[in-house]
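Have a look at the sequence and the model first.

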Amino acid sequence: MVEAGRSPNIEILTSARLEALEGKPGRFTASVHQEPRFIDDDKCTACGTCTMYCPMPIVDLFNERLNITRVPHIDYAQAVPTSYYIDPRACLRINYETCNLCAQTCTAQAIDFSQKPRELSLDIGAVILAPGFGRTDLSVLAKYGYGRFLNVVTSMEFERLTCASGPTEGRLVRLSDRKPLKKIAFLQCVGSRDETCGNGYCSSVCCMYAIKEASVAKEHDPDLEIALFFMDVRTQGKGFDAARERAEEKYGLRVIRARIPRVDQVDGRLALTWTTDDGKSCSELFDMVVLSEGLNAPKDAEAIAEIAGIELNHYGFCRTLVDSPLAASRKGVYVAGAFQGPKDIPESVTQASGVAAMASELLSEVRNTQTVSLSYPEEDKAIESEGPRIGVFVCHCGSNIAGVVDVDAVRDYAGTLPDVVFSRDTLYSCSQDALKGIATKIKGNRLNRVVIAACSPRTHEPLFQETLRSIGLNAALIEMVNIRDQCSWVHSQEPEAATEKAKDLVRMAVAKARLLEPLEKTTVDVSPTALVIGGGAAGMTAALCIAEQGFECVLVERSDQLGGNLRRLVWTMDGQEASKVLDDLIKRVDGHPMVRVMLEAQVKDVSGYVGNFTSSIVKGGQPVAVDHGVIVIATGGRENRPKSYKYGRNKRVLTQLELEESLAKGKGFLKNIKNIVMIQCVGSRGEDMSHCSRLCCAQAIKNALKLKGIKPNIRIYCLYRDMRTYGFSEDLFKEARKKGVIFIRYEPDRRPEVIERDGRIKVRVFDRLLEDEIDIFACLVVLSVGIAPGDNDALARVLKTPLTPEGFFLEAHVKLRPVELASEGIYLCGLAHGPKPLDESIAQAKAAAAKAAIPLAKGQAEVASTVSRVDKAACIGCGVCESLCPFNAIRLFRVNKRRKAETITASCKGCGICASHCPTLAISMGGFTDEAIMAQIHAFAGEKCV
Amino acid sequence: MSRLKNNSCQVGKIVVFCCNYTTSVSTDTLREAGLIPENLDVKKLPCTGRIEVSALLDAFEQGAEAVFVAGCRSDECHNLSGSRRAEKRVGYTKRLLEELDIDPDRVEMFFVHRGETQPIVDAVREMTTRIAKLGQLHSI
């Protein structure tokens with residue numbers, strides 16, 4: 001968010017709404033109405049004086065009405081823009097022309113009551129709709145006693161309660177009497193999968209967020225008892241099942257399968273009554289009930305739809321098709337996030353990148369005509385070369401750090417360390433105003449080395465480096481200490497020891513900072529071609545998208561035809577013929593002048609770095625060298641082949657895809673077939689593979705409905721663990737039940753058995769409702785076998801990238817960088833990333849194409865400055881470094897008849913293996929010199945810095 | 001009348017007649033949480049309209065110190081007038097108790113909101129206070 005706020009090419013209009021949209025793709029005119037903030041964001045320093053003096057209390061909407069704030073306020077310290085605003089509804093000055101206290105006390109003179117609403121007319125090329133989701137209606141919550149019983153809260157409120165900077169500063173208390181909580185219940189599917197309130201769909205995210213909130217609560221108080229009431233446990237995201245199982249085990253969360261109809265209160269405690277699968281009635285008392293509210297369509301969805309001229313689906317979300325999941329019904333209008341359908345953060349972020357690609361395709365001709373680029377002031381070599389003048393900034397992170405670590409003590413301690421000329425604590429170092437403050441302090445005190453004691457450098461170091469660059473200091477002159485993860489989080493129960501450790505870490509960082517040297521940042525030219533590996537739906541979409549954005553693309557496919565798994569699919573979830581989608585894609589790929597398709601080809605070797613890769617692609621036994629700037633991995637996955645359930649031994653045991661293929665051949669296939677048993681989670685979730693394959697439940701139901709459509713009296717039994725028909729697929733699940741498909745849940749420790757006798761097949765399953773084993777005679781057994789990773793090992797070795805334990809490619813960050821690999825210039829989409837249905841693969845392919853196009857469009861790539869350097873005088877040319885470098889980034893060559901090593905800076909990833917093995921210590925790492933690390937170690941031992 | 005069977009209990013026995021829909025929380029749960037006394041006997045009927053005067057008197061004979069009927073609020077009764085019938089019978093029982101020289105406050109009719117547990121717990125408390133005030137019936 002801060003990054004978006006800092007970009008010179010993003011203008012943020014707050015309190016604004018779209019009033020009209022006219023014109024055509026590429027040339028829209030948008031009328032926007034903007035309400036005034038009454039505080040000038042350029043002048044506001046976010047000091048908070050106005051809030052302090054305002055006499056009018058108002059409920060704090062950001063904190064879910066659990067807190068009181070004042071008319072001029074900021075929602076939270078990291079908000080963008082980091083400026084206060086005035087809520088006009090309760091303001092005495094605006095409504096009664098009295099008061100005016102805030103304006104008088106504002107030293108920055110930022111408060112301006114003369115601001116009027118603005119009507120803007122914007123000339124734009126494309127529109128992206130991302131209004132998010134709406135909240136569950138109060139009438140739905142009221143069914144569970146919300147509003148009547150104080151201790152019934154929504155999950156959003158609970159989220160604020162667990163937040164360190166929230167209304168209770170993270171203390172978990174009952175809202176009725178502020179006493180500590182002992183026992184909490186989470187009720188799932190509130191306002192989701194509930195036809196009585198018109199929300200038949202599944203909100204997809206609540207199961208996982210409830211597990212997260214329960215885990216956070218247990219972290220706060222290990223003695224808490226927590227029960228979660230699920231219908232199905234839908235944690236289908238990548239790595240979610242593993243995380244859920246870990247949480248259940250680590251925190252002892254009770255998972256109860258029941259839907260609670262209502263909440264009752266006795267003497268301030270909340271009574272819940274439910275019935276177990278085997279018919280027992282249970283009741284229990286809780287201190288707090290958390291309603292896991294679902295995601296609704298945005299409140300003003302209809303208005304947006306009318307203004308933007310797009311269609312909504314029957315639940316009021318934006319209507320999209322499986323083969324174009326990001327395009328709204330009007331050309332040039334794209335949609336991302338929960339407005340397209342309920343979804344989690346990774347999918348939202350993916351879609352966001354995806355729509356950026358769509359807009360970029362549309363507007364590729366006019367790229368860079370209206371953008372401005374950020375420039376930094378010249379580095380001030382004079383200050384840099386002075387002796388170290390260190391500034392230490394210790395962050396409170398609200399109470400995230402300060403709640404445990406004594407920040408003031410750490411700050412004062414830092415001030416006593418050698419060469420530290422300035423030390424200061426900040427509430428949120430990463431907030432815009434704090435960054436401004438840090439910049440002024442650095443300038444004012446002529447600081448030339450900075451230590452930030454805050455959170456993780458992985459997420460925040462670039463931000464602080466930017467700050468340094470913006471005032472003419474080299475980005476390498478900063479050292480971060482992670483006193484959040486390493487002190488306040490892990491030692492939350494021992495505040496004193498945590499404070500001592502924070503001091504130790506700061507002392508070490510200061511010791512290192514004294515020896516920091518500026519590093520040069522180099523840029524390399526990018527060869528404007530992309531290599532897309534894999535010609536399935538994802539690969540073709542990515543290739544087309546990159547090509548449409550104006551860059552050449554080489555699409556490498558191992559088999560003799562394009563299509564991948566899509567070739568085997570017959571119908572899409574929304575009933576389109578998959579072959580049409582496929583043919584259309586292939587036609588567009590084949591006809592595109594910028595896409596070069598290489599069939600029966602494999603990538604054997606890749607060398608180089610972002611912007612300058614060279615790959616050796618073997619086609620027909622002949623290696624071909626291809627130069628390219630970026631790589632998109634879309635190698636797909638494959639249908640798992642189970643060994644169990646008589647698969648492969650009895651021809652009447654099929655997979656869902658095989659059933660689909662047979663059905664496509666004609667109705668004759670169903671002659672003499674009366675009973676079909678479908679078994680879910682064959683292979684997935686523990687049998688052959690640990691992960692959930694995400695799409696099998698919806699696929700099984702799609703096929704069951706198809707069967708029922710062809711032959712209505714066919715009997716279908718579906719044996720499942722959790723039906724994970726998330727999002728709008730829930731409608732199909734409901735329809736299948738209506739059409740008489742029988743669903744029987746089984747537990748993983750009592751899996752169904754396929755028994756052959758006298759040429760007949762029966763499936764034996766333990767029915768939990770009957771509490772007995774039942775045998776179902778089956779004419780066909782259809783297995784949901786799940787998605788296994790493709791042969792990713794070889795490619796992963798070539799690209800030197802890690803795989804997940806399941807064998808899929810590992811993204812750089814699950815939530816924030818879902819389509820990028822940790823190595824720069826390599827992107828990921830489709831089944832190679834993890835199992836997912838067609839629409840999600842397509843969206844992800846667009847996202848990968850968007851990311852891949854960034855270096856291509858820039859034409860230059862910055863090379864990381866943390867690279868190794870060889871001291872030629874000390875090098876004896878032994879070659880150990882060359883043999884060990886995993887990136888081929890260090891080479892030996894002759895200088896005056898002596899062998900010397902040299903780093904190929906652009907290839908170097910800065911791992912440091914060479915430096916640690918050099919027998920003469922001739923290699924040092926930028927930012928991590930031997931001297932600096934030794935100084936750090938000495939400082940740890942408490943010795944005076946050498 | 002027979003003696004109270006369990007004299008060790010501090011609070012005398014209370015018998016509650018209520019309909020199937022009155023409360024869903026089990027008495028065990030309420031007892032464990034200390035919300036109702038040990039010596040409380042909940043008898044569920046399909047509808048409180050089913051209650052008979054003899055059953056109320058029988059409860060006393062079986063050792064109850066107090067008896068009450070918890071029926072649905074008159075506008076909420078599944079069977080339209082079930083709880084109002086029960087009210088009439090409780091009134092009649094009150095008169096009979098008076099004739100027997102027993103305080104009519106030992107039997108009572110409560111109308112409770114369906115499915116809510118708080119009113120029942122409150123009613124139990126009310127009857128417990130009454131017993132404490134009236135003294136023991138069965139200890140002669």
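## Where A meets B

Between chain A and chain B, eight residue pairs are in polar contact, both residues at pLDDT 80 or more; such a contact is a pair of N or O atoms within 3.5 Å, where within protein one must be able to donate a hydrogen and the other to accept it, and residues adjacent in sequence count only if both atoms are side-chain atoms. Bear in mind that this is a predicted model, where local features need pLDDT of at least 70, side-chain atom pairs count only at pLDDT 80 or more, and totals for chains, interfaces and linings use all residues. Residues are numbered from 1 along each chain as its sequence is written, chains are lettered from A and ligands numbered from 1 in the order in which they are written, and side-chain values use heavy atoms, with hydrogens and water left out.

There are two salt bridges across the interface (a side-chain nitrogen of Lys or Arg within 4 Å of a carboxyl oxygen of Asp or Glu). A:R148 and B:E116 meet in a salt bridge through their side chains, at 2.9 Å, N to O.

In terms of contact (heavy atoms within 4.5 Å), 13 residues of chain A touch 14 of chain B. The area buried between the chains is about 1,000 Å², with carbon and sulfur atoms giving 46% of that; buried area is the accessible area (1.4 Å probe) that two parts lose on being put together, summed over both. A:V266, A:D267 and A:S283 supply 41% of what chain A buries against chain B, more than any other three residues.

Strands here are DSSP runs of E, at least two residues, and helices are runs of H or I, at least four, numbered from the N terminus. Two strands pair if DSSP finds at least two bridges between them. Angles run from 0 to 180 degrees between N-to-C directions, with axes fitted to C-alpha atoms, for helices over the stretch in contact.

| Strand order (chain A) | Pairing | Average twist, strand to next |
|---|---|---|
| β31-β38-β32-β33-β34 | parallel | 25° |
| β25-β24-β23-β29-β40 | parallel | 20° |

In the sheet with β31, helix α19 (656-664) of chain A lies across β31, β32 and β38, at about 95° to β31(A). Five bridges join β32 to β33 of chain A, and A:M678 has A:C718 as its bridge partner in β33(A).

Turning to the other sheet, five bridges join β23 to β24 of chain A. Helix α17 (537-548) of chain A packs on this sheet, at about 165° to β24(A).
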